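The structure is shown first.

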Amino acid sequence: MRISIYFYIFVMAAVTYLIRLLPLTLIRKKIKNQFICSFLYYVPYATLAAMTFPAILYSTSSPYSAILGFACALFLAYKGKSLITVACAACVVVFISEILLKMFAII
């Protein structure tokens, strides 16, 4: 039995629409529970971290250079540097560490 691709697109659209529609229709009052409010507040940050962290580790040819770049970015972000400064510094650290790792044949 061969199902048309349009059926798959329709099911995907319906599921996506329902996920967005149900909270709007079922929850009409302001959420007063402090635990649920704090949980919903941190969901975007946790999702972004869960999607970004594995990409950081596997974006370079060596996990060592990725960890060094991540550590540099984490340190500069903790110190309150701007996003462009953090990103550029992490890229420079990864670039230099890749060169050094290849030079000393650690990779």
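## Largest pocket

Helix α2 gives the largest share of the lining of the largest pocket, 6 residues. Helices here are DSSP runs of H or I with at least four residues, strands are runs of E with at least two, and both are numbered from the N terminus. At least two lining residues come from each of α2 (34–57), α3 (63–78) and α4 (83–103). The volume of the largest pocket is about 330 Å³. Among its 14 lining residues, Thr 52, Ile 56, Phe 70, Ala 73 and Val 86 are the closest to the centre. By class, the lining holds 13 nonpolar residues, 1 polar residue and no charged ones.

A pocket is an open set of points on a 1 Å grid over the protein atoms alone, where a 1.4 Å probe fits and protein lies on both sides within 12 Å along at least five of seven lines; lining residues have an atom within 4 Å of a point. Volume is the space filled by probe spheres set on the points, which are joined across faces, edges and corners. Nonpolar means Ala, Val, Leu, Ile, Met, Phe, Trp, Tyr, Cys and Pro, charged means Asp, Glu, Lys and Arg, and the others, Gly among them, are polar.

## Basis of the model

The model is predicted, and local features need pLDDT of at least 70, side-chain atom pairs count only at pLDDT 80 or more, while totals for chains, interfaces and linings use all residues. Residues are numbered from 1 along each chain as its sequence is written, and side-chain values use heavy atoms, with hydrogens and water left out.

Val 15 sits in helix α1 (residues 5–26).

Phe 70 belongs to helix α3 and is partly exposed, because its relative accessibility is 28%. Phe 70 and Val 93 are 23 residues apart in sequence and 9.1 Å apart in space, C-alpha to C-alpha.

Val 94, in helix α4, counts as buried because its relative accessibility is 18%. Between Val 94 and Ser 65 there are 5.2 Å from C-alpha to C-alpha, with a sequence separation of 29 residues.

Lys 30 is in the loop between α1 and α2, and is exposed at a relative accessible area of 72%. From Lys 30 to Ala 73 the C-alpha separation is 38 Å, at 43 residues apart in sequence.

Pro 44 lies within helix α2 and is partly exposed at 49% relative accessibility. Pro 44 and Met 103 are 59 residues apart in sequence, and their C-alpha atoms are 40 Å apart.

Key. Buried < 20%, exposed > 50% of the residue type's maximum accessible area, 1.4 Å probe, protein only.
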